[in-house]
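Please look through the structure shown here before reading on. The text below walks through parts of it in turn.

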Amino acid sequence: MSLQHSPLSPCQITMSPGLPNPTGILSPLKPKYGDRFIPTRAGNTWNLTYPTTQTQPPAPETGRAATSPYKRSRENTENNKDGSVLYSCLLMNEMLGYQHEDNKDLGPGTPRKVLPNRKLFHYDATERTALLNETMSSYSLSPISNKSEKLLRSPKKPTRRISKVPFKVLDAPELQDDFYLNLVDWSSQNVLSVGLGTCVYLWSACTSQVTRLCDLAQTDDVVTSVAWNERGSLVAVGTQSGLVQVWDATAGKQVASLQGHTARVGAIAWNGDILSSGSRDRFIIQRDMREPPAIQRQLVGHRQEVCGLKWSPDNQYLASGGNDNRLYVWNLHSTSPIQNYTEHLAAVKAIAWSPHHHGLLASGGGTADRCIRFWNTLTGQPMQCIDTGSQVCNLAWSKHSSELVSTHGYSQNQILVWKYPSLQQVAKLTGHSYRVLYLAMSPDGEAIVTGAGDETLRFWNVFSKNRSQKENKSTLNLYTCIR
């Protein structure tokens with residue numbers, strides 16, 4: 001009697017021809033298993049299904065510009081990441097019985113379908129076919145299943161890639177490193193206004209021409225805030241002494257000089273012809289610029305400096321944030337706040353209304369808070385909150401999709417892009433060596449400009465013009481169409 005291996009069984013016992021058979025009856029040829037558990041691999045075509053190929057260096061090309069090693073390594077990393085996800089799903093289809101069929105469904109949060117009663121280890125090719133519930137043709141030239149073939153043939157999911165390098169950097173000497181100021185704004189005419197020391201400069205994004213709009217050195221004053229009106233023709237300038245000057249950008253002339261504040265004006269917001277200004281004296285003053293002597297109303301509520309002002313997209317509500325850690329919402333005709341939010345633990349400068357969700361307001365807290373909070377101003381209820389890990393200096397919503405960008409100070413000085421409502425981080429941009437205190441968005445909604453105490457302005461492409469396909473469009477939303 002001898003032991004020999006057979007592709008039909010782990011271990012088969014056969015009788016030697018020289019030994020007599022005690023019964024005289026020939027036993028049928030069927031496998032008899034011994035005490036050793038040796039799996040057979042005859043039914044698995046590993047060399048065809050998962051071939052191992054050695055990566056060869058690409059041949060040098062002629063007539064093309066050389067690619068930088070940093071860019072080439074970054075592209076290889078991104079391609080390898082996409083390929084590893086596809087390869088993992090292919091292995092799960094073949095070995096674990098998963099049913100991935102479409103490239104667009106692949107992702108970290110995608111639920112995976114698996115057949116019930118699937119065994120992890122099996123030793124028979126026929127059992128593998130039965131469990132996968134597929135008809136394996138004897139004439140098929142493909143070593144993989146039909147599910148995997150569909151997976152490989154399906155179109156690749158378009159990947160969102162945001163450049164982590166600014167496409168333009170401008171020097172901004174004397175750009176103040178002060179959390180409570182707002183010194184950068186981008187007009188609808190594609191002109192950037194920047195307050196540098198005692199001067200306000202205009203930079204045209206179309207021609208890259210720089211002009212000096214005003215100089216307050218003669219009055220021994222300093223620029224503390226700038227803001228364009230909606231038409232992009234007038235720019236309001238807040239000063240250290242408490243004045244608010246209105247300048248005609250085209251003519252380069254001062255239109256008005258408005259008094260009323262007793263301390264620096266750090267926040268300005270336009271609502272048509274209504275100009276709102278917030279000051280260190282704790283007051284918000286609203287002025288109607290259509291009257292020759294500007295009619296003004298004083299809004300009282302904050303107990304410390306007002307450092308953030310934003311009007312809602314429907315021009316009906318004004319949100320204000322202050323150094324007293326309070327976020328107030330005012331309507332167009334009230335002199336006292338109609339809503340009061342006290343959840344922040346630090347100064348509230350970053351404020352942004354969503355252009356896609358009516359009544360949705362986002363706000364960010366300072367160093368002691370570090371959180372971005374979302375509020376439903378229709379019901380007055382808090383919604384979501386996320387801890388960013390660093391001081392929140394600015395917030396801005398995308399004009400085309402439900403995303404927003406935030407800039408941060410202590411201690412990471414980064415720029416973050418978020419998806420809403422999942423609050424998934426889309427991109428993290430770094431480059432500033434100081435707090436990213438200033439933020440403005442281009443009129444087309446694609447690019448942003450950031451300013452910091454390192455005296456630089458950096459331009460980034462972070463948003464796409466393509467409207468999100470997953471954005472819900474309801475006929476019940478009265479604010480998305482003209483009635």
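What follows covers strands and their pairing, and then aromatic rings and charges over rings.

The model is a predicted one. A place to begin is strand 13, which spans residues 274-279 and has 6 of its 6 residues buried. In a regular strand, side chains alternate between the two faces of the sheet. In strand 13, Ile-274, Ser-276 and Gly-278 point one way, while Leu-275, Ser-277 and Ser-279 point the other way, and all are buried.

Strand 13 has a partner in strand 12 (residues 265-271), and the two pair in the antiparallel sense over 6 bridges. Within this pairing, Leu-275 of strand 13 stands opposite Trp-270. Strand 12 and strand 13 make a hairpin with 2 residues between them, and Gly-272 in the turn has a positive phi of about 65°.

Strand 13 is also joined to strand 14 (residues 283-288) by 5 bridges, and these two run antiparallel. Gly-278 has Ile-284 in strand 14 as its bridge partner. This hairpin has 3 residues between strand 13 and strand 14, with Arg-282 in the turn at a positive phi of about 85°. The charged end of Arg-282 sits over the ring of Phe-283, 5.7 Å from the ring centre.

Phe-167 lies in the loop between helix 4 (146-153) and strand 3 (168-171), and Phe-459 lies in strand 30 (residues 456-461), 292 residues apart. Phe-167 is partly exposed, with a relative accessible area of 46%, whereas Phe-459 is buried at 1%.

Another pair is Phe-374 and Tyr-420, with centres 4.9 Å apart and planes at 40°, so this pair is tilted. Phe-374 belongs to strand 22 (residues 371-376), while Tyr-420 is in the loop between strand 26 and strand 27. Phe-374 is buried, with a relative accessible area of 1%, and Tyr-420 is buried with 10%.

Ring pairs also link Phe-167, Trp-186, Trp-203 and Phe-459 into a cluster. Elsewhere, the charged end of Lys-349 sits over the ring of Phe-179, 5.5 Å from its centre.

Terms used: Residues are numbered from 1 along each chain as its sequence is written. This is a predicted model: local features need pLDDT of at least 70, side-chain atom pairs count only at pLDDT 80 or more; totals for chains, interfaces and linings use all residues. Side-chain values use heavy atoms; hydrogens and water are left out. Buried means under 20% relative accessible area, exposed over 50%, partly exposed in between (1.4 Å probe, protein chains only). Helices (H or I, at least four residues) and strands (E, at least two) are DSSP runs, numbered from the N terminus. Two strands pair if DSSP finds at least two bridges between them. Rings of Phe, Tyr and Trp (its six-membered ring) pair if their centres lie within 6.5 Å; planes under 30 degrees apart count as stacked, over 60 as edge-to-face and the rest as tilted. A charge sits over a ring if NZ of Lys or CZ of Arg is within 6 Å of the ring centre and within 35 degrees of the ring normal.
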